[in-house]
Amino acid sequence: MGRYIEIRAPEHSEGTRSQVQRWLKSIGDEVDADEPLIEVETDKVTIEIPSPARGVLRQIAKQEQEEIAPGDVLGAIEAAAVNVQAAPRQDVVESSAEQSAVAEQAGIRTAAFSARAAAMSPRISPAVRRLIQQYRLDPSDVEGTGEGGRITVDDVLAHVAQAHEGAPNRAVRAPAPVEHPTTVARRVPHSLLRRRIAERMVESLLQTAPHVTTVFEADMSAVMLHRDRHRDEFARRGANLTLTAYFLVACVDAIREVPEVNSRWTEDALEMFDNIDIGVGTAVEGRGLVVPVVHNVHTLDLFGVAQCLGDLVTRTREDKLTTADVQGGTFTISNHGVSGSLVATPIVINQPQSAILGVGKLEKRPVVISENGDDHIVVQPRCYVTLTIDHRVMDGHRANRFLEALVRRLESWGD
């Protein structure tokens, strides 16, 4: 008998809650060292836990959808030399035959599978991609029930189950009727991330901090001119120059003028942070809102911010963030304008922070300006900016001063 090695949950920071989302191997399966073994969903990201050694999975201590704590034992590997020439176990043979039958019923053709898998949409998550490849499915045959029609893990499993039962290839069974005779509904279980978002929104707004929001308007003419001049240069150097990058840099100036924005309330003191680590709310289809953090923004120039921000957003969309990428934020920006919103209030504070900046949709607006005593109507690119504050930490006039500094920096942007 070989040596047993425990598989443990990552040691996240205190308070992080997780659950086993999916085991990628079954008891008795052979695994290689560092081969993905378990998918764990934290309250912020989904991570893969690799096998600690080459061997055979002998124990599963935590089942799928079961909540786990940092350092919990999830299972065990028997680290022993694997005899690849040994005859396959009967249960593995039966399982493989069953999967082949499912694939045949689903109308999959092996010759065409590899080409379809290679062209698989980048909107398919790594977990879904693995299941599609495992069952040799054509993604176009699976009906997606996620946001925007995105295929989820449950969609793939439901498709496979129905194919095995000889049912029509639909991702979701017919919904069961509810009490009202003219309506039907289907239950969609909350993901861990969705539950945590709900808990934190209620806790922040109703149980922790009295929220107050102030609204300003910013003329973005100087920023747009600077962006037009430098966007191609930044692209050649490997950074996408987005408007959000300008707001991160402008926040540094505003925080230096009103430092309590970059703080945390405690019962006996206000903890003021020297580092400026800004989280950027990023919507992910089928999952919800994720807030990756650009660390040490105060040490970066505009190019550095744009480069870091682009990397984080890309890895957010591809579900490749690490726990370090979503921890340690001292302030947050919600760029809700990217989806068309003009003003959102109050934007719920990301506890235990003290404030959150909202950036509305950029649009051209007619504005009255005065020159030499005469009024003129001009068209400018403008957007609303809001600051929602913890009223325990600061009063409205300090929030106004922050936005004054922010708008001043944006409107005076130069080379």
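Which residue lies over the face of Trp413, and at what distance from the ring centre? Arg409 does, at 3.9 Å from the ring centre. A charge is taken to sit over a ring if NZ of Lys or CZ of Arg is within 6 Å of the ring centre and within 35 degrees of the ring normal.

## Basis of the model

This is a predicted model, in which local features need pLDDT of at least 70 and side-chain atom pairs count only at pLDDT 80 or more, while totals for chains, interfaces and linings use all residues. Residues are numbered from 1 along each chain as its sequence is written, and side-chain values use heavy atoms, with hydrogens and water left out.

## The chain as a whole

The chain has 9 helices and 19 strands. Helices (H or I, at least four residues) and strands (E, at least two) are DSSP runs, numbered from the N terminus. Of the 415 residues, 42% are buried; buried means under 20% relative accessible area, exposed over 50%, and partly exposed in between, with a 1.4 Å probe and protein chains only.

The accessible surface of the chain comes to about 21600 Å², and 50% of this belongs to carbon and sulfur atoms. Such areas come from the Shrake-Rupley method with a 1.4 Å probe; for residues, only the protein chains shown count as cover. Among contacts (heavy atoms within 4.5 Å) between residues at least 6 apart in sequence, 64% join residues at least 24 apart.

An open sheet is formed by 4 strands in the order 1-8-6-3, with antiparallel pairing. Its edge strands are strand 1 and strand 3 (30–31), each of which pairs on one side only. Two strands pair if DSSP finds at least two bridges between them. Strand 1 pairs with strand 8 (residues 73–79) in the antiparallel sense over 6 bridges, and Tyr4 has Glu78 in strand 8 as its bridge partner.

Ala9 is found in the loop between strand 1 (3–8) and strand 2 (18–23). Ala9 counts as buried because its relative accessibility is 6%. Leaving aside neighbours within four places in sequence, the contacts of Ala9 include Ile49, Ile68, Pro70 and Leu74. Asp72 is also in contact with Ala9; these two residues are 63 apart in sequence, yet 5.3 Å apart in space, C-alpha to C-alpha.

## Aromatic pairs

Rings of Phe, Tyr and Trp (its six-membered ring) pair if their centres lie within 6.5 Å; planes under 30 degrees apart count as stacked, over 60 as edge-to-face and the rest as tilted. The count by this rule is 3 aromatic pairs. One of them is the edge-to-face pair of Phe234 and Phe303, with 5.4 Å centre to centre and 70 degrees between the planes. This pair links distant parts of the chain, 69 residues apart: Phe234 is in helix 6 (residues 221–236) and Phe303 in helix 8 (residues 302–317). Phe234 is buried at 5% relative accessibility, and Phe303 is buried at 12%.

The pair of Phe331 and Phe402 is tilted, because the ring centres are 5.8 Å apart and the planes stand at 55 degrees. Phe331 lies in strand 16 (residues 331–334) and Phe402 in helix 9 (residues 396–411), so the pair ties together parts 71 residues apart in sequence. Both Phe331 and Phe402 are buried.

## A further charge and the cysteines

Arg237 lies over the face of Phe303, at 3.8 Å from the ring centre.

With a disulfide defined as a pair of cysteine sulfur atoms within 2.5 Å, the count comes to 0 disulfides. Cys251 is buried at 0% relative accessibility, and Cys383 is buried at 2%.
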